[in-house]
Number of protein chains: 4
Amino acid sequence: MANFKGHALPGSFFLLFGIWWSVKYPLRYFSEKVNKKSHRNHCFQRLDVIEGVVKIIFALIGMLAEQFVPDGPHLYLYSGEERSWVKLMNWQHTTMYLFYGLSGVVDVLTYSPLKVPLGLDRLMLSVAVFVEGFLFYYHVLHRPMLDKHIHSLLLIAVFGGAFSILLEVFLRDNIVLELFRASLTILQGTWFWQIGFVLFPPRGGPAWNEDDHDNIMFVTMCFFWHYAAAILIMIANYALTYCCIQRCKRNNGEIDIGLEVRKQKSDKSSHVALLNGSDEE
Amino acid sequence: MANFKGHALPGSFFLLFGIWWSVKYPLRYFSEKVNKKSHRNHCFQRLDVIEGVVKIIFALIGMLAEQFVPDGPHLYLYSGEERSWVKLMNWQHTTMYLFYGLSGVVDVLTYSPLKVPLGLDRLMLSVAVFVEGFLFYYHVLHRPMLDKHIHSLLLIAVFGGAFSILLEVFLRDNIVLELFRASLTILQGTWFWQIGFVLFPPRGGPAWNEDDHDNIMFVTMCFFWHYAAAILIMIANYALTYCCIQRCKRNNGEIDIGLEVRKQKSDKSSHVALLNGSDEE
Amino acid sequence: MANFKGHALPGSFFLLFGIWWSVKYPLRYFSEKVNKKSHRNHCFQRLDVIEGVVKIIFALIGMLAEQFVPDGPHLYLYSGEERSWVKLMNWQHTTMYLFYGLSGVVDVLTYSPLKVPLGLDRLMLSVAVFVEGFLFYYHVLHRPMLDKHIHSLLLIAVFGGAFSILLEVFLRDNIVLELFRASLTILQGTWFWQIGFVLFPPRGGPAWNEDDHDNIMFVTMCFFWHYAAAILIMIANYALTYCCIQRCKRNNGEIDIGLEVRKQKSDKSSHVALLNGSDEE
Amino acid sequence: MANFKGHALPGSFFLLFGIWWSVKYPLRYFSEKVNKKSHRNHCFQRLDVIEGVVKIIFALIGMLAEQFVPDGPHLYLYSGEERSWVKLMNWQHTTMYLFYGLSGVVDVLTYSPLKVPLGLDRLMLSVAVFVEGFLFYYHVLHRPMLDKHIHSLLLIAVFGGAFSILLEVFLRDNIVLELFRASLTILQGTWFWQIGFVLFPPRGGPAWNEDDHDNIMFVTMCFFWHYAAAILIMIANYALTYCCIQRCKRNNGEIDIGLEVRKQKSDKSSHVALLNGSDEE
């Protein structure tokens with residue numbers, strides 16, 4: 001759907017996931033510092049399965065929306081009479097959603113009796129993001145300058161995210177990579193909304209001049225402001241989670257344990273989880 | 001051979017290898033979970049040697065076919081009378097096959113008394129895929145738009161595969177990378193067939209309009225549908241292998257051993273082989 | 001500020017940091033070889049916090065200078081009367097400084113009670129450098145040839161640095177990466193000055209012919225001479241630090257300890273800190 | 001020197017180093033399998049210093065040749081009268097040699113009392129190769145098609161080598177990477193000779209048509225034939241070294257030791273040095 005709603009829908013999906021991750025990963029990080037790893041692990045595994053199911057649901061909503069909006073293809077791909085393809089734009093969007101759905105399926109399979117090897121879920125998510133990136137890349141080759149530019153900025157977030165998730169295949173449960181993924185997902189979400197506002201100004205606002213070079217420059221800058229905002233959201237959520245955990249600890253009388261936290265080398269190949277001092281309150 | 005058969009031949013080679021790998025690697029993965037590593041290792045080493053020999057045979061078939069088809073160069077490279085090169089297209093294809101042959105040779109040498117260092121076989125395979133990629137890249141620079149585009153999509157699979165195999169030099173026997181390699185090889189195989197059908201429609205079907213932008217868009221999307229299909233094939237083969245192994249275990253009374261599987265950190269630098277729970281049936 | 005001072009200011013900031021790092025990291029490297037790691041660690045942690053604060057101050061100076069120079073935008077972004085953006089160039093530079101400021105904030109947070117995971121400070125620095133790179137990339141697309149070329153050379157240093165810092169997320173405290181970062185930062189510093197001298201010749205010197213191909217060739221070469229000079233500065237500072245440490249050791253009677261230095265495998269995933277022989281004087 | 005000798009000189013340098021490495025690294029690999037690591041290590045360290053010195057000498061020869069050939073710049077950079085740069089081509093080549101010289105200097109410093117951290121020598125070599133690559137990249141932008149293409153193929157070997165050496169910073173003494181480096185260096189060497197023969201046909205042979213597309217296609221293919229040849233040279237040298245070592249062992253009565261070789265995990269982060277079976281003769 002090349003209209004405002006067609007950008008707001010995926011934007012909202014990404015935003016929801018990004019903000020959820022910006023809370024979930026600090027939560028797991030802090031709880032691992034306090035408790036033993038195995039204890040809450042089971043709980044977070046269940047969350048991963050639920051995430052997979054939500055991904056599948058979101059992907060189905062997106063696919064159905066792209067196919068069955070009034071001006072959609074209604075599952076027709078080729079029109080025999082006119083000898084031409086039907087609404088390829090909607091079909092391409094459907095394809096993007098399809099891969100996110102597949103990623104959700106692999107997420108669920110990972111914790112099923114099939115025991116898909118760990119890491120395949122991250123690989124499949126990375127593939128889904130790469131597919132989104134490649135489809136957008138070929139998607140916007142023959143568009144007006146501003147349209148092209150605003151989508152090519154999106155590609156920075158998309159390919160950055162895809163490579164970062166690819167690293168997670170090998171450095172699973174690396175808090176730095178997970179927070180980076182969350183921040184890029186929030187960026188994608190807000191930028192989809194921004195694209196909607198720029199290309200399809202709602203409420204009859206003035207259209208943007210698509211060939212004005214100043215608009216291009218502003219949009220470039222605006223993209224990075226979005227990322228700065230995403231980082232501030234991440235820091236705020238991180239701090240909030242920290243405060244919640246601290247309050248919980250005080251109420252649950254877990255303070256004693258908290259003071260004993262030692263250096264945990266959870267991952268030898270990255271120094272990220274290193275905890276250099278004692279846990280002060 | 002710039003015709004249908006010239007694309008179907010390598011397509012079949014890739015498809016055979018891809019599907020074989022999509023069975024072999026889950027098989028090894030499950031058998032390692034049950035038995036001790038060293039036990040079946042010898043068996044899989046022998047398979048590697050056989051694979052190398054098959055690679056050499058396939059490469060020879062390809063090279064001979066490219067040279068000795070009726071309109072081939074028959075090993076003539078330069079025609080002195082006309083002062084021009086002879087059938088360079090066929091020679092380029094011959095070169096691609098040559099490197100896959102060399103990769104087969106290194107595979108065989110790895111398990112010969114020469115004891116070529118482990119990892120060189122993967123490096124050589126990666127080089128062969130890179131060479132294919134570079135040759136295709138320069139190959140299609142001056143072609144019609146659809147021809148160029150359909151081959152450039154192939155490059156995504158080729159370079160993706162080459163980088164993935166390069167990683168295997170350092171992360172050998174990583175099941176995630178091996179399954180990824182298998183999926184990209186299946187993709188290459190089916191896509192070669194698709195290229196053949198699009199550029200040389202068999203049985204006198206209608207030719208594709210090579211400059212229609214809608215065709216380009218459809219082909220882009222179609223490429224990723226092929227990959228979605230490759231992923232489904234992978235999942236199906238994985239599940240089939242799982243069922244076979246489960247049935248074998250029940251018959252062989254190896255259930256007791258199966259229940260004792262512990263966390264095996266086979267590779268410290270990747271967390272892939274981590275087995276988080278007990279082996280349920 | 002598209003003038004000489006607008007290039008000299010960031011050039012000086014980079015130069016200061018680069019030279020400081022070219023002294024700090026050898027110092028830490030030698031002191032770690034002599035003493036136990038934990039001993040001086042605390043001291044270097046405090047330095048990291050101070051560095052963060054200095055980064056914030058430099059970023060604020062840069063942002064204020066870009067906004068409030070006489071021909072700056074004075075915080076106005078959009079002029080309603082003229083229906084046009086105000087001084088976008090200055091706003092873009094402000095954005096670059098903003099991300100370095102954010103990097104400083106994360107540096108400080110890393111050692112605050114919040115306990116931001118280690119590695120995020122490096123990631124944020126890397127993001128700041130990437131943002132600088134992307135902004136410059138889009139910044140110079142429509143400029144004269146020499147201007148474009150001289151900035152695109154800068155991008156080699158910028159993206160090289162960004163990737164190198166990204167590696168430090170996973171290989172923290174790797175002396176080789178840190179020295180590489182220092183050398184590229186010095187290069188950025190001197191090159192900003194060079195850009196200022198070439199594009200805005202001070203004291204009424206002759207302007208450079210922006211379309212002369214020989215000028216382009218010279219500038220390319222000159223860029224690598226700057227890097228050669230940066231390497232020589234690094235070697236000199238390294239040697240000076242070595243001599244100082246040696247003299248300190250002799251005065252403090254730490255010679256005995258120095259002779260006992262053994263192989264320290266501080267980081268298993270890199271062989272950098274390997275000390276192969278005994279410490280000779 | 002844009003003539004035949006100007007390409008033959010660096011070609012010979014690269015060829016010498018490539019062939020030397022293709023003997024040295026298998027030699028070290030086999031001797032490590034037989035003896036304890038520390039024993040022959042000292043000997044190979046001395047070789048590294050000698051290599052460094054040879055690099056410096058080669059770089060000096062190259063620089064002097066570029067400056068003082070009859071039509072060279074004789075160290076003049078800017079001609080005040082004509083207000084133009086003097087022989088920038090030769091100056092660019094001088095710059096390339098300069099970085100290889102610096103790499104030699106760091107090689108020597110690594111084993112000097114200064115104790116430059118291990119890994120910096122590889123980094124500096126990688127930087128030298130990158131500088132060569134970037135200079136060539138900008139060097140050939142405005143040349144005839146064949147000239148441009150034949151140099152751009154060289155860039156594959158150059159950047160491939162640069163990245164491979166960069167990996168060696170972190171995976172030092174990895175036999176696979178070292179053999180790969182050797183093969184790419186041989187390729188560079190033979191390709192420089194090929195460039196000389198194509199662009200400056202010696203003995204008054206016929207000039208190549210620089211705009212014939214068939215020539216481009218042949219040259220592309222020829223490049224990969226050179227690499228196939230380089231691989232065959234590598235295999236031959238590897239086999240020869242293996243035979244020599246085997247004969248030495250028999251003569252020196254070291255057979256007993258040879259039979260006891262066990263699995264040596266010399267490098268945990270790569271599985272390369274794994275020796276899976278017993279050493280058969």
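This is a predicted model: local features need pLDDT of at least 70, side-chain atom pairs count only at pLDDT 80 or more; totals for chains, interfaces and linings use all residues.
On the side of chain A that touches chain B, the elements giving two or more residues are α3 (88-110), α4 (120-139) and α5 (145-170) of chain A. Of these, α3(A) gives the most, with nine residues. By class, this side of chain A comprises 24 nonpolar, six polar and five charged residues. Ala, Val, Leu, Ile, Met, Phe, Trp, Tyr, Cys and Pro count as nonpolar, Asp, Glu, Lys and Arg as charged, and the others, Gly among them, as polar. Helices (H or I, at least four residues) are DSSP runs, numbered from the N terminus.

The contact between these chains (heavy atoms within 4.5 Å) takes 35 residues from chain A and 43 residues from chain B. About 3,400 Å² is buried between chain A and chain B, with carbon and sulfur atoms giving 75% of the area. Buried area is the accessible area (1.4 Å probe) that two parts lose on being put together, summed over both. The count of salt bridges between chain A and chain B is zero, a salt bridge being a side-chain nitrogen of Lys or Arg within 4 Å of a carboxyl oxygen of Asp or Glu.

For chain C and chain A, 35 residues of chain C contact 44 residues of chain A. The area buried between chain C and chain A is about 3,500 Å², 75% of which comes from carbon and sulfur atoms. Zero salt bridges are found across this interface.

Chain A can be laid on chain B with an RMSD of 0.0 Å by a turn of 90° and a shift of 0.0 Å along the axis. That is the relation of a four-fold axis. Superposition is by least squares on the C-alpha atoms of residues with pLDDT of at least 70 in both copies.

Within chain C, C:Asp48 lies in helix α2 (residues 37-68). Leaving aside neighbours within four places in sequence, C:Asp48 contacts C:Lys24, C:Asp107 and C:Tyr111.

Residues are numbered from 1 along each chain as its sequence is written, and chains are lettered from A in the order in which they are written. Local features need pLDDT of at least 70, side-chain atom pairs count only at pLDDT 80 or more, and totals for chains, interfaces and linings use all residues, while side-chain values use heavy atoms, with hydrogens and water left out.
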